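Have a look at it first, then read on.

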Amino acid sequence: MLLKVNNIHKSFDGNLVLKGISLEVNKGDVIAILGPSGSGKTTLLRCINFLERADDGELIFDDVKHQLNKISHREISAIRKKTAFVFQNYNLFLNKTVLDNVTEGLIIARKMDKKLAREKAIKALEKVGMADRLDSYPIQLSGGQQQRVAIARALATDPEIIYFDEPTSALDPELIGEVLNVMKDLANDGMTMLVVTHEMNFARNVSNKVIFMDNGQIIEENTSKGFFENPQEERAKAFVQGIIEQRAIKKEGEK
Amino acid sequence: MSERIWEILKNAFFRILIPGIKVTIPLAVLSFAFAFIIALAVALVQFANVKGLKQLSRFYVWIIRGTPVLVQLYIVFFGLPKIGITLTAFPAAVIVFSINEGAYMSESLRASLESVPHGQIEAGYCVGMSYLQIMRRIVLPQALRIAFPSLGNALISLVKETSMAATITVVEMFRAAQQVNSIYIEPLWLYTEAAFMYLMFCTVLTWLQRWGEKKLNAYGGVK
């Protein structure tokens, strides 16, 4: 077991967004977190990486237990050096080139030798097919390219797990494929991934587990095959049914 | 223009220009440098939400922006000696202009800091950087670039504002023009000559600002 969270609670202005979430991630898992908008998926991911402070709950990472509401900066920083996060809006450093975006976390945060960091960065950028744009600035890249650089930035730090927060939601439809392909490659390499997504094809074909959330709770936890073919809970059934119907409408429209 | 006026203007030229170079420029540049340091500190504690210091900063900005710089000059130069703090004119002017301009500049720096997309700070945390590292390497470089035109603006208005130091006996460019005028009594021509010199100084600064903006236009055109 790589990561386990128990009973996370989080509210914003008295509004309970997470109502006691528990989940477990094993090495090599690719877990898709699905659910309607506002179900708390993104908040869950942000609490797990301390971008939001949970009101209650515990997190066990690498067999060390932490209380989420009183975890120290030092503990946070130690865990973050073993994890990586990919944002919906890429959040590349706009004043840094593609290469520097990737080396920044290595040279500055991990005090890695510059030459070594550069080699690692180039390797990561090759992996996402962006090694030919080392000197470009983020603003000169398409959304799909920026997201691939963001994935390389995550990858270069050799994380034990990468969190993805709706990595394709901000992309134009024709750019989604290139990012999903990179993520699929990572999954095939055995990278542990926790992915909040609306991409059902990814959830179905790449992830091995699905967590379905609604209204701040986990409604169903299942293998991805099981979830899409034979969902157990009513709300999960309705959700899967909805996707099938949407597809049908889309196909109808294409005719 | 009569022969006599022409002679006076020629005669006055260096007597106005030299105090301009020796006093007006150092006064403006020194005040600008100190103002920048003050403004950066004031903007940063507000941006980082440092309790106590943030309220103190707001108070400073409120007081300074709400009172005329001329009155501030009088308080420091004529007023402070009454409580035993006597300053010569030039340092008094530098102190007042630094504190005054610092308040205005802190507001544009604060706005610039806030205009840097916030997600980059979270991304910095997620690659393991500390807050200070993120500020120094990611946020500040972008904020200063955004602030550059308004900083240039501040320097230009400071150059003209230094003429107010004439009222506390600093012999800068305007005071020098007054002195020459007291000999010849040609206020129209002599003050116009002084105005022309301010215009030249500010024109050079405007060029420098444009050049600097072009230089800074890296990052693939991020504004």
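Let's start with two strands of chain A: S3 (residues 30-34) and S9 (residues 209-214) pair in the parallel sense over four bridges. Pairing here takes at least two bridges found by DSSP, and strands (E, at least two residues) and helices (H or I, at least four) are DSSP runs numbered from the N terminus. A:Ile33 has A:Ile211 as its bridge partner in S9(A).

Before going further, a word on what you're looking at: this is a predicted model, where local features need pLDDT of at least 70 and side-chain atom pairs count only at pLDDT 80 or more, while totals for chains, interfaces and linings use all residues. Residues are numbered from 1 along each chain as its sequence is written, with chains lettered from A and ligands numbered from 1 in the order in which they are written.

Back to the strands. S3 and S9 belong to an open sheet of six strands in chain A, ordered S6-S7-S8-S3-S9-S10, with mixed pairing. S6 and strand S10 (217-223) of chain A sit at the edges with a single partner strand each, so one side of each has no neighbour in the sheet. On average, neighbouring strands of this sheet are turned by 15 degrees against each other, direction ignored; the angles are taken between axes, which are lines fitted to C-alpha atoms (for helices over the stretch in contact), on a scale from 0 to 180 degrees between N-to-C directions.

There's also a hairpin in chain A. Strand S4 (residues 56-61) and strand S5 (residues 64-67) of chain A pair in the antiparallel sense over four bridges, and A:Ile60 stands opposite A:Lys65 in S5(A). Two residues lie between the strands of this hairpin, where A:Asp62 takes a positive phi near 50 degrees. A:Lys70 is in the loop between S5 and H2 of chain A. Is A:Lys70 buried or exposed? A:Lys70 is exposed, because it has 8 other C-beta atoms within 10 Å; the cut-offs are 12 or fewer for exposed, 20 or more for buried and partly exposed in between, with C-beta atoms placed from the backbone.

Chain A is split by an automatic or database domain assignment into domain 1 (3-82 + 161-254) and domain 2 (91-159). Their C-alpha centres lie 25 Å apart. Residues count as in contact if their C-beta atoms, placed from the backbone, lie within 7 Å.

|---|---|---|

Finally, the largest nonpolar core has 132 residues, and A:Ile33, A:Ala152 and B:Ala93 have the most contacts inside it. Such a core is a set of buried Ala, Val, Leu, Ile, Met, Phe, Trp, Tyr and Cys residues joined through C-beta atoms within 7 Å. Helix H1 (residues 3-47) of chain B gives the largest share of this core, 17 residues. At least three residues come from each of domain 1 and domain 2 of chain A. Leaving out residues up to four places away in sequence, A:Ala152 touches A:Val102, A:Ala124, A:Leu125, A:Lys127, A:Val128 and A:Met130.

Notes
Two residues are in contact if their C-beta atoms, placed from the backbone, lie within 7 Å.
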